[in-house]
Amino acid sequence: MNVAVAKIESGRALSEAFAEARDRLPGIGQVLDTRQLAFDSYARRGLPHRRIEDWKYTDLRVLMREVLPQAAAPDQAALDAARRALTAQTIDGVRRLVLVNGYFVPQLSDLGDLEKGLAIGTLRELLERGAWPSLDRLIVTDVANPEAAQDKPDPMIALNAAMMTDGVMIEVASGARLARPLHIVHVACGHAPAAMFTRSALRVGKGAVATLIESFIAAENAATYQVHDATMMLVDADARLDHIRMVEDSRDAFNISSAAVGLGAKAHFNTFSLTTGGGVSRHQMFIECAGEGSRIETSGVNLLNGRQHADTTMFLDHAVPNCSSREIFRSVLDDRGHSVFQGRIIVRPKAQKTDAKMMVRALLLSDEAEADNKPELEIFADDVTCGHGATTGSLDESLLFYLRARGLSEKEAQALLIQAFVGEAIEQIASDALREHVIGAAQRWLAARG
Amino acid sequence: MPLLEVKNLHVRVEEREILHGLSLVVNKGEVHAIMGPNGSGKSTLSHVIAGKPGYEVTGGEVLFNGENLLEMPPDERAAKGVFLAFQYPVEIPGVATMTFLRTALNAQRKARGESEFSTPAFLKKVREVASRLNIPQDMLRRGVNVGFSGGEKKRNEILQMALFEPSLCILDEMDSGLDIDALRVAADGVNALRSPDRAMVVITHYQRLLNYIVPDFVHVMSKGRVVKSGGKELALQLEADGYAQFEDVAA
């Protein structure tokens with residue numbers, strides 16, 4: 001599988017590379033054809049670049065240049081390294097599901113004593129049976145941009161579909177209330193530069209309750225790598241899903257992740273994302289309210305320094321009436337850190353009584369840091385409450401002086417104000433334990449500033 | 001050795017000189033009042049002593065226990081015992097008052113090589129001081145000064161003063177924005193902290209505050225200098241005659 005699905009312009013070389021890779025990827029029958037379709041869709045456009053509006057601030061042709069060859073299945077040394085990395089990443093009381101170099105590893109995962117109503121499988125099994133994951137319609141349909149058919153799906157989602165090897169497939173049956181959060185951990189520990197193509201899916205049945213955490217980490221001394229991930233979440237009527245994402249990749253890693261979320265009537269979806277790691281990361285989330293009365297809270301914090309680049313792109317589609325959404329994002333940027341936030345909310349003609357608010361704020365700690373915030377509201381209904389705002393600024397000198405006059409050093413004073421700045425987003429996390437976990441990660445970032 | 005010695009201090013803000021050779025000596029146990037009209041440089045003096053950025057000292061020196069205060073960052077001055085009660089205490093949303101107090105107290109103790117307070121010991125101390133100052137517990141649960149009235153903000157300053165136990169307290173226009181009842185409460189808090197080991201510099205516009213915090217010395221500032229010094233009776237004279245008589249002296 002050591003084939004780079006690389007080059008952008010030279011269509012033929014790319015096709016040949018894929019043809020060779022395809023035969024070694026898991027899947028038979030329909031899967032092969034769908035992979036080919038997905039690949040063709042990607043190959044027509046190649047890596048997205050700045051002239052594509054949705055990727056304007058994250059030009060992968062400049063930042064990433066090529067897609068690395070697919071990672072090999074982990075050997076014993078890689079598994080040992082992954083095990084060590086996981087020890088440092090433990091969250092108490094969760095059910096851990098581990099992917100190493102893009103391959104599900106049962107022996108590192110916690111598959112025992114499954115609660116009633118919980119079923120866990122792998123993407124690989126599904127593909128090898130010739131079945132394409134049914135939830136895929138969510139991702140293949142670009143919910144936010146139906147008129148631009150030639151742009152569908154997003155090229156990086158198409159690439160993920162063409163190349164995906166493994167992932168976790170989770171079903172929570174109607175009415176089941178999972179007490180233990182599910183924790184998917186992606187561990188990178190390759191000896192050579194490589195890419196991982198993973199796709200996971202979670203369906204929370206009617207009236208069910210679940211929490212999903214996704215972490216991205218690297219073992220010590222992992223070679224540079226690329227994460228190409230997709231997560232599909234379906235929250236049925238009256239169900240609730242809490243979702244937390246933590247990008248703690250190594251500093252030279254690429255993380256290109258997409259999520260598609262479909263919400264049934266009166267579903268409740270709360271998602272939070274923290275990015276402290278990775279060199280270049282993009283998290284694009286497509287949320288579609290398909291049933292009336294659903295409630296969405298999306299929030300996130302980017303803490304970046306060095307030359308880190310993190311892009312959060314949210315597409316929120318209010319297609320039906322009486323749904324509410326809140327988006328609260330904060331970025332803290334030091335050195336030459338670059339944060340991108342794009343949030344598009346569409347309120348369709350039928351979506352009366354929509355209540356949608358989006359607020360994004362960036363804090364620049366250095367003259368060379370950059371924040372690009374692009375909140376967008378497209379409203380086609382006339383009886384709605386919608387608002388958005390964006391601010392970019394530096395720490396307030398008068399607050400800093402007050403704290404320093406009380407004995408705090410410059411770094412301590414900054415740390416306290418930064419924590420307050422990101423606090424409003426972190427407070428959106430419902431679980432006390434998980435909120436504390438995220439606060440701990442943010443504090444480690446602050447402490448590392450010295 | 002005096003606790004605070006300001007010698008011939010010249011200070012500029014951008015292109016404008018605000019203090020033109022100000023001198024002041026404050027010993028332990030003394031309470032000094034600095035009075036003067038708007039723009040005479042009273043607040044500038046307090047800011048320069050506390051280390052607020054944006055002021056350029058072009059001449060003179062400020063010694064604290066004989067050490068050059070102007071070379072120290074603001075946090076080091078705080079740890080050495082300099083406390084400025086702000087005229088307008090800032091609101092810091094998202095920073096819990098208790099977190100702020102504990103971080104500040106422990107930062108000062110650490111800088112002095114003292115052991116940090118444990119959480120229970122700290123809580124006990126804050127509760128003790130707060131009840132002495134009639135500060136309700138719910139004020140401590142809010143963000144720093146967030147939603148506080150003018151009087152509550154000033155009480156919060158005095159609470160910090162009581163907690164940090166500084167040797168020099170500078171009270172910058174403590175009476176501004178306070179009604180007479182709030183003023184009395186604040187003044188009682190300050191008076192409780194008077195001690196032979198501690199000096200206070202009370203900066204004020206009006207004589208009224210000095211009915212409650214009775215000074216040992218009164219200095220009149222005009223146009224960036226101390227133009228007259230005297231005992232507490234000087235404040236009463238000012239109240240009767242106004243500042244106009246001193247403007248000529250400074251000119």
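The radius of gyration here is taken over C-alpha atoms, and the globule rule is 2.2 Å times the number of residues to the power 0.38. By that rule, a compact globule of 450 residues would have a radius of gyration near 22 Å, and chain A agrees, with 21 Å.

Before going further, a word on what you're looking at. This is a predicted model, where local features need pLDDT of at least 70, side-chain atom pairs count only at pLDDT 80 or more, and totals for chains, interfaces and linings use all residues. Residues are numbered from 1 along each chain as its sequence is written, while chains are lettered from A and ligands numbered from 1 in the order in which they are written.

Back to chain A. Its C-alpha trace spans about 70 × 50 × 50 Å along the principal axes. Its secondary structure comes to 10 helices and 19 strands; these are DSSP runs, numbered from the N terminus, with helices (H or I) of at least four residues and strands (E) of at least two. Of the contacts in chain A with a separation of 6 or more, 82% join residues 24 or more positions apart (a contact means C-beta atoms, placed from the backbone, within 7 Å).

How much of chain A is buried? Buried residues make up 53% of its 450 residues. A residue counts as buried if 20 or more other C-beta atoms lie within 10 Å of its own, as exposed if 12 or fewer do, and as partly exposed in between, with C-beta atoms placed from the backbone. Helix α7 of chain A (residues 155–163) is mostly covered, with 9 of its 9 residues buried; among them are A:P155, A:N160 and A:M163.

Now move to chain B, which averages a pLDDT (the predictor's confidence in each residue, from 0 to 100) of 92, with 98% of the residues at 70 or above. Chain B has an open sheet of 4 strands in the order β2-β1-β4-β5, paired antiparallel. Strands pair if DSSP finds at least two bridges between them. The edges are β2 (16–26) and β5 (67–68) of chain B, each pairing on one side only. Strands β1 (4–13) and β4 (56–64) of chain B share 7 bridges, and B:V6 has B:V62 in β4(B) as its bridge partner.

Finally, the two chains meet: 16 residues of chain A are in contact with 21 residues of chain B. Helices α8 (397–405) and α9 (410–426) of chain A each supply at least two residues of the chain A side. That side divides into 8 nonpolar, 4 polar and 4 charged residues, where Ala, Val, Leu, Ile, Met, Phe, Trp, Tyr, Cys and Pro count as nonpolar, Asp, Glu, Lys and Arg as charged, and the others, Gly among them, as polar. The predictor gives the complex an ipTM of 0.96 and a pTM of 0.90.
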